[in-house]
Amino acid sequence: MQAIMETLFDAVYLISVITIGILMIRGSRGKGQFRLFGFMAVVLGTGDAFHLIPRAVALCTTGLENYTVPLGLGKWITSITMTIFYVLLYYVWRKRYHIQGRSGLTAVIYALAGARILLCMMPQNQWLSAYAPLSWGIYRNIPFALLGLLVIVLFYRSAREQGDRAFRWMWLTIVLSFGFYIPVVLWADAVPMIGMLMIPKTCAYVWTVLIGYSAMKQECR
């Protein structure tokens, strides 16, 4: 039952996010922020597919323990694409709120993203092992969490200052995604049921994408 339900959920998620992303790219009508948002959604969906598709195959066949290498490789790719996702979201913020300059802020974004990607590349992560060390899971997620926190603050302040109702909950979707993700990083190996938090985390990302799509439908008529 878990295999069927989880596979159906993941399939709906991947198809929905990638489809919405393509629709945004095609329907942006020259508005850079929505075209960029569309690319961001496609990066999110295709990146997650590298992990979720092998997981679905494993659940529906011989079990996760027999797919350690493809699952680990998919998790590594997803970690990289999620970092790119937040860098793109930062540029959505810049375009939507017409931010000029602030090279120092951009440097911080790239430094955090670069640190995250560099840590993900380190062999100590043991991505292809069934017993990847928790310590490196924490190390690589420190700059990632800081990157997310910075984007949260930027969207919260700008939406509030400019009365942007369309994006007023963008910051909350990111808070929720990290709120559900962090316990999985810390405790899922010890308490497997905590891994179920990835479902509401995924829903938070769908909400993020839907906010952009809804704004485009309103503003690109």
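**The pocket and its charged side chains**

Mentor: Helix H1 (2-27), helix H2 (32-60), H3, helix H5 (134-161), helix H6 (170-187) and helix H7 (198-219) each contribute at least two residues to the lining of the largest pocket. Helices here are DSSP runs of H or I with at least four residues, numbered from the N terminus. This is a predicted model, in which local features need pLDDT of at least 70 and side-chain atom pairs count only at pLDDT 80 or more, while totals for chains, interfaces and linings use all residues. Residues are numbered from 1 along each chain as its sequence is written, and side-chain values use heavy atoms, with hydrogens and water left out.

A pocket is an open set of points on a 1 Å grid over the protein atoms alone, where a 1.4 Å probe fits and protein lies on both sides within 12 Å along at least five of seven lines; lining residues have an atom within 4 Å of a point. The largest one has a volume of about 1,600 Å³, the volume being the space filled by probe spheres set on the points, which are joined across faces, edges and corners. Its lining comprises 46 residues, with His51, Arg55, Lys75, Val184 and Asp189 nearest the centre. H3 gives the largest share, seven residues.

A salt bridge is a side-chain nitrogen of Lys or Arg within 4 Å of a carboxyl oxygen of Asp or Glu. Arg55 is partly exposed at 22% relative accessibility, whereas Glu6 is buried at 17%; buried means under 20% relative accessible area, exposed over 50%, and partly exposed in between (1.4 Å probe, protein chains only).

The structure holds three salt bridges. Another one joins Asp164 to Arg96 at 2.7 Å, N to O. It links distant parts of the chain, with Asp164 in the loop between H5 and H6 and Arg96 in helix H3, 68 residues apart. Both ends are buried: Asp164 has a relative accessible area of 11%, and Arg96 has 9%. Glu219 also forms a salt bridge with Arg96, the closest N and O atoms being 2.8 Å apart. Glu219 lies in helix H7 and Arg96 in helix H3, so this pair ties together parts 123 residues apart in sequence. Glu219 is partly exposed, at 31%. Through shared partners, Arg96, Asp164 and Glu219 form one network of salt bridges.
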